[in-house]
Amino acid sequence: MNWINNYVRPKINSLFSRREMPENLWTKCDACGTMLFHRELSDNLNVCTSCGHHMGIRPRDRFLTLFDGGIFTEVPVPTPLTDPLGFRDQKKYPDRMRAAQKGTGEKEAMLVAEGEIGRTPVVCAAQDFSFMGGSMGMYVGNAIIAAAQRAVERRRPLILFSAAGGARMQEGILSLMQMPRSTVAIQMLKEAGLPYIVVLTHPTTGGVTASYAMLGDVQIAEPGALICFAGPRVIEQTIREKLPEGFQRAEYLLEHGMLDRVTPRTKLREELLTIVRMLMGLPPAVIADLPPPASFSQGPAEPEAEDTENAAPPRRPAPPDAEPPEAGAKG
Amino acid sequence: MNYLEFEKPLAEIEGKAEELRAMARANPEMDIEQEATALDRKAATMLQELYKSLTPWRKCQVARHPDRPHCKDYIEALFTEYTPLAGDRNFAEDNAVMGGLARLDDQPVVVIGHEKGFDTKTRLERNFGMARPEGYRKAVRLMDMADRFGLPVITLVDTPGAYPGKGAEERGQAEAIARATEKCLQIGVPLLSVIIGEGGSGGAVAFATANRVAMLEHSVYSVISPEGCASILWKDAEKMREAAEALRLTAQDLLKLGVIDRIIAEPMGGAQRGRDQTIEAVGRNLRVMLKETTGKDRAALITERRRKFLDMGSRGLAA
Ligand SMILES: [Zn+2]
């Protein structure tokens with residue numbers, strides 16, 4: 001398979017490329033109404049510092065805080081056909097695409113990157129809800145395939161952050177075909193014996209939930225995320241009754257056995273690291289601020305090099321201000 | 001005979017001919033034959049005109065026609081020794097999904113399909129062909145069994161989509177569909193699929209991720225219903241004609257896109273006007289597809305199936 005034949009030289013994204021936030025702007029929390037200072041909000045990963053409400057976060061911003069030193073290398077994704085159906089609703093699909101690209105500064109609705117989390121090499125893919133609702137079309141399918149292939153080539157786990165209103169209708173049947181396509185990608189990963197961790201974020205719906213977002217070895221969701229196949233409005237119209245409070249939210253799915261864990265965004269990095277290292281048979285991680293890996297300029301370090309480096313120091317115990325167990329739904 | 005909205009002029013002519021013949025039966029001295037035959041001819045021409053170039057929206061209507069042969073009809077006519085096997089072993093039996101062992105000619109197979117029901121009572125029993133999680137989980141169980149015993153799997157797809165209900169969501173509809181698609185991609189036996197009516201989104205993919213996918217001439221296969229698409233993209237459910245057009249959900253377009261492998265011709269006026277003929281045609285095509293895939297080893301079947309889906313999207317339709 002040569003999905004990635006257009007390999008490009010890795011770009012190193014440094015901390016300094018982080019978008020400058022306007023200093024004088026405030027955001028109102030949708031959940032509690034508190035006015036939050038932009039910088040304060042972004043420093044808290046777009047989680048309300050007052051009520052813990054999780055707002056959307058762009059893949060690039062997530063990766064900057066997820067990877068060691070904010071350093072990651074984008075994994076190239078093969079570009080699919082543009083507008084394969086010649087789709088037009090009230091607008092032409094290529095016009096919608098251009099508007100989304102302009103509005104987000106991104107090429108498409110998924111970003112794939114490799115790097116290290118706590119000196120543990122991983123491949124990450126994150127869906128961008130702000131790009132046409134994160135919708136799954138050919139590009140997102142290609143991105144998942146590219147992510148899985150890179151993970152298999154380098155023997156790394158794949159962590160996928162899902163966020164989507166569902167399939168990209170403008171690609172018609174080809175968007176539907178991303179369900180089997182992405183499933184093939186996940187199978188390649190599983191057959192290679194590599195962990196596939198899904199983090200479901202708000203909202204994850206439709207064909208995305210009904211394919212790669214539900215096939216993780218470990219299924220984690222961010223608090224309050226809407227996770228469903230059919231959306232609540234469609235269901236209410238069908239059954240003609242009001243749905244209970246919290247229906248199809250992360251906590252509800254946890255209760256109904258559909259998730260392993262619900263974990264706040266601010267605790268995710270540590271948790272992913274812990275899980276991935278156990279599944280990869282690596283010793284416990286050192287939880288501390290590590291400098292960027294020195295080996296990066298020669299390409300990311302190999303897991304073997306890792307082992308010796310991290311063998312000695314035991315994992316630091318959880319700080320006293322850690323979340324109470326129920327928030328992370330432990331045990 | 002149930003007429004579709006666009007068939008109304010046809011209904012009038014056929015109705016008139018029928019009326020004439022009824023009158024003649026009551027008054028044997030009346031000679032109406034010439035007139036009735038002329039009407040018949042007119043009706044036949046009109047039928048041909050109507051079906052020569054069905055718009056995508058009309059195809060949706062034909063695909064949903066209540067008189068079209070359903071899964072149950074195909075199973076009864078094409079297979080012998082059909083032995084239904086029920087239940088997902090976790091929660092319930094799902095009557096929207098038929099499944100079991102059967103023989104196609106002498107070859108034992110596992111057959112699975114959506115059944116919509118044919119009258120009010122059976123439609124309710126079958127939930128209009130909208131599977132719940134248990135239906136997909138039953139299918140996974142049957143595909144596993146087929147894989148263990150080396151039996152080909154034949155799926156007949158005819159569903160508006162998964163059931164948007166409270167319980168279905170609570171019991172993990174999305175996960176059930178994902179697992180069924182995954183299972184389709186894992187089994188080392190031939191998996192053949194025919195879209196016989198409506199191929200509605202994830203509910204269809206869960207059964208149709210197959211080595212060979214055929215579609216009846218006037219069936220449709222889509223990521224979303226034209227009504228659903230219209231209400232989201234046009235903010236007006238009445239724009240379903242436009243949406244059906246844009247979605248490219250006809251068998252003809254899907255063949256060009258490489259999403260399906262063959263089209264099974266329907267009799268003039270659609271499957272509902274020639275049920276036996278349609279069922280026979282599906283049978284013939286299933287035998288051909290079975291022959292094409294029989295004798296390949298497990299790995300080849302799995303690899304070929306995966307490759308087929310990975311390669312999808314290299315061809316477009318845009319002019
Ligand atoms: Zn708040």
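This is a predicted model: local features need pLDDT of at least 70, side-chain atom pairs count only at pLDDT 80 or more; totals for chains, interfaces and linings use all residues.
Biologist: Which residues of α10(B) meet which residues in α11(B)?
Modeller: On the α10(B) side they are P226(B), E227(B), C229(B), A230(B), L233(B) and W234(B), and on the α11(B) side M240(B), E242(B), A243(B), A244(B) and L247(B). Two residues are in contact if their C-beta atoms, placed from the backbone, lie within 7 Å. Helices (DSSP runs of H or I, at least four residues) and strands (runs of E, at least two) are numbered from the N terminus.

Biologist: At what angle do the axes cross?
Modeller: The axes of α10 (residues 226–234) and α11 (residues 240–247) of chain B cross at roughly 100° and come within 8 Å. Axes are lines fitted to C-alpha atoms over the stretch in contact, with angles from 0 to 180 degrees between N-to-C directions.

Biologist: How many residues of chain A are in contact with chain B?
Modeller: In chain A 43 residues are in contact with 43 residues of chain B. The elements of chain A that give two or more residues to this side are α4 (138–154), α5 (172–176), α6 (178–191), α7 (206–209) and α8 (232–239). α6(A) gives the most, with six residues. By class, the chain A side has 27 nonpolar, twelve polar and four charged residues.

Biologist: Turning to chain A itself, what does the domain assignment give?
Modeller: It gives domain 1 (20–54) and domain 2 (56–288 + 301–311), with bounds from an automatic or database domain assignment. Their C-alpha centres lie 24 Å apart. Seven residues from domain 1 of chain A and ten from domain 2 of chain A take part in their contact. The domain 1 side has two nonpolar, five polar and no charged residues.

Biologist: Which residues does the "binding site" annotation cover?
Modeller: The unreviewed UniProt entry lists C29(A), C32(A), C48(A) and C51(A); such annotations may be inferred rather than shown by experiment. These residues are spread over 23 residues of sequence, yet they cluster in space, with a largest C-alpha distance of 8.6 Å. The same record has a "zinc finger region: C4-type" covering residues 29–51 of chain A.

Biologist: Why does C51(A) count as exposed?
Modeller: C51(A) counts as exposed because it has 12 C-beta neighbours inside 10 Å. The cut-offs within 10 Å are 20 or more other C-beta atoms for buried, 12 or fewer for exposed, and in between for partly exposed. C51(A) is found in the loop between α1 (38–43) and α2 (59–66) of chain A.

Biologist: And where does C29(A) lie?
Modeller: C29(A) lies in the loop between β1 (26–28) and β2 (35–37) of chain A. With 18 other C-beta atoms within 10 Å, C29(A) is partly exposed. Not counting residues up to four places away in sequence, C29(A) touches several residues, including C48(A) and C51(A).

Key. Residues are numbered from 1 along each chain as its sequence is written. Chains are lettered from A and ligands numbered from 1 in the order in which they are written. Ala, Val, Leu, Ile, Met, Phe, Trp, Tyr, Cys and Pro count as nonpolar, Asp, Glu, Lys and Arg as charged, and the others, Gly among them, as polar.
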